[in-house]
Amino acid sequence: MSTIALQAPAIELRDVCKRFGRTEIIRGVNLSISRGERHAIIGPNGAGKTTLFNLISGRFPISSGSITVDGKSTANLAPQEINRLGLSRSFQITSIFPRMTVFENIRCGLLWSQGYRYSFWNLLGRQKALNEAADQLLERLKLSDRRNLLAGLLSYAEQRALEIGITIAGGAEIILLDEPTAGMSHSETDSAVALIRSVSEGKTLIMVEHDMSVVFGLADRITVLVYGEVIASDAPAAIRGNAAVQEAYLGTVAA
Amino acid sequence: MTLLRRHWPSYLPWLLAFVILLAIPFLFYDWGKGRHSGFVLTLMSEIGVMAIFALSYNMLMGQAGLLSFGHAVLLGMGAYCAAHVVLLVKAGTIWLPTELVPLAGGLGGLFFGFVFGWLVTKQRATAFAMITMGLGELVSSAALMFMGFFGGEGGISIDRVMDTSLVGVKYTSPWQVYCLLLVWAFIAAVLMKLQTQTPLGSIANATRDNFERAQFVGYDPRMVRLYQFALSGFFAGIGGGLYVLIYEIVTFDTVSAGKSANALLAVYIGGAGGFFGPILGTIVVVLLQSGVSLLSNAWLLYVGILFIVMVMYAPGGLIGLLFMHMPIWRAGRMRELLLPYARAFPPALIVLLGFVLLVELASFTTIGAAQGKKFSIGGHLIDTTAPLPWVIALAALVLGALWLRREARGFRERWDAVTEAIKLKGAMS
């Protein structure tokens, strides 16, 4: 890895705006996330957190401004092209391959990064390294005993774990997780946090999260988004003490 | 069962199926005259071609979730290409063994699969279905306009007897062609089966399930659709090449919407979920088409009704119904279903007979009368204008249905109890 690449932030947003018709959802967001950082984006409902994810990952085009991933502009790139830059995301509403087995789900997450592309001459059963990698990841996700089950039949928490598994399978350096613990029980949240912590080791993690214990437990830095604008972006301690944040967001939680 | 399978090499079932299919025509062999039954050979050849066609269709529908209404275009273009290649070989312009004519069809199908695929795979779901339908119409009308390539309404006739065989066979008899067909059908089926286990095959499943997620693991769903479509064209084209060798003529009928519908019917009736579903469906559809059509004017109605019933009550098709029994079979509890099945059989038979009688009565009073045919059962002439047969048919249908409903309830209870018990046992172990 060259030093220039190291210096470039993992993700940089400059004056990013997103309008749907006349409604402006994201209003001039500037954000720089450096390599190896665990970054949380918080904010009240409708603040535009998921929209921001959709812009970064290329699901929606931006209306104005610029986004760079590893110093490369993502303008006019399709989602799969952004993914190939080493950015992978999960979805708030579970997005897996329901009619394929759990193992196949993970293997699909691995295929492109392992260079198989659109191959129709390699037999998957013979790809030892690929299958071992998929099984190892299943082990980490604690889904090994569900290996041959159709993904659509998993429990909710298991599907969320699989969602994270598909996201990280390709070995992306930048991982975007959209509310990974939403709808989970306490114990499920705990194991999800442990999982996220271990899989994001040495990588750049950006996550949208509502559970404050998860946010303050995991994040190195927190960005607060309110009505499509960044009102603060700082270390957790500073965010806790920030008056504007307390008023706009944390205050409403305390009340 | 599992024990046996463990010791079986994976190709053994294929080998077994091949031998059985090779042997079946001999069951109808006329030993007195020393020749095969032409009808059986034609029927089985038709099944072979249509099975390849249906399997290639399932590469789109089952594997990639793409509902095409114009798949016959690929079969037909493959057939036309193969026909022209045969003409060229005959003219001495090129040299190609007869055995490789289907491959020429396949390459033609691949080429047109790529070209047409480029157009149609830009979209998915309903838009894809509509574009393929338009494409089918387009090629059908082109087939009547461009005489040079398509030969107009008369199509292109060939003579399959060439002197270029690799194994010294002239292919003068349907039996020889059937053997060639069987070899190619197996090559195509094995390759298609293997394709489902490749990265492309797996990602095709992924785009079927959730095309957006596939994008976020690095794949362009459009390219997945395109390659899958082109490969499907290759196999449909092989079917086309075989079609030419069997019938020695190819007309615009091969690219028509009716042919496309055939593949769709076979896949739906057989089931898109399992690899062998389309083959089962093809057997049923071709038997109805070629067998029942000899007996009844209303054969198309039976196909339609079967299609509707399957879509409504067994969306997984015949293969889906078989799969449903697998856990029970494995648990060794099929015996417990024997009695409920036996009890449901008589009312089901009565409903079926009542329905068939009703349809045939109607068909004989209309089309049959126009053709001057008389309706007779076991030598007894039936007066289709008298009320009695109608009353009997209706009564059988209604009473049978009521009885069947009663038995079905008992059957369902038994079924649920057995599957529940198996699930519980599975969860505990």
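Let me start with one pair of residues: A:Thr68 stands opposite A:Ser73, and A:Ser73 belongs to strand 5 of chain A. Keep in mind that this is a predicted model.

Strand 4 of chain A, residues 64-69, pairs with strand 5 of chain A in the antiparallel sense, over 2 bridges. As a general point, strands of a sheet pair through backbone hydrogen bonds, either parallel or antiparallel.

Now the whole sheet. In chain A, 4 strands form an open sheet in the order 2-1-4-5, and the pairing is antiparallel. Which strands stand at the edges? They are strand 2 (23-33) and strand 5 (72-73) of chain A; each has a single partner strand, so one side of each is left without a neighbour in the sheet.

A helix packs on this sheet. Helix 2 of chain A, residues 49-56, touches strand 1 (11-20), strand 2 and strand 4 of chain A. The direction of helix 2 makes about 65 degrees with that of strand 2 of chain A.

Next, the contact between the chains. On chain A, 32 residues are in contact with 25 residues of chain B. Helix 3 (79-84), strand 6 (87-89) and helix 4 (102-111) of chain A each supply at least two residues of the side that touches chain B. The largest share, 5 residues, comes from helix 4 of chain A. By type, the residues on that side of chain A are 16 nonpolar, 11 polar and 5 charged.

Last, the confidence scores. The predictor gives the complex an ipTM of 0.92 and a pTM of 0.93. Chain B averages a pLDDT of 93, and 98% of its residues score at least 70.

Methods:
Residues are numbered from 1 along each chain as its sequence is written. Chains are lettered from A and ligands numbered from 1 in the order in which they are written. This is a predicted model: local features need pLDDT of at least 70, side-chain atom pairs count only at pLDDT 80 or more; totals for chains, interfaces and linings use all residues. Two residues are in contact if their C-beta atoms, placed from the backbone, lie within 7 Å. Ala, Val, Leu, Ile, Met, Phe, Trp, Tyr, Cys and Pro count as nonpolar, Asp, Glu, Lys and Arg as charged, and the others, Gly among them, as polar. Two strands pair if DSSP finds at least two bridges between them. Axes are lines fitted to C-alpha atoms, for helices over the stretch in contact, and angles run from 0 to 180 degrees between N-to-C directions. pLDDT is the predictor's confidence in each residue, from 0 to 100.
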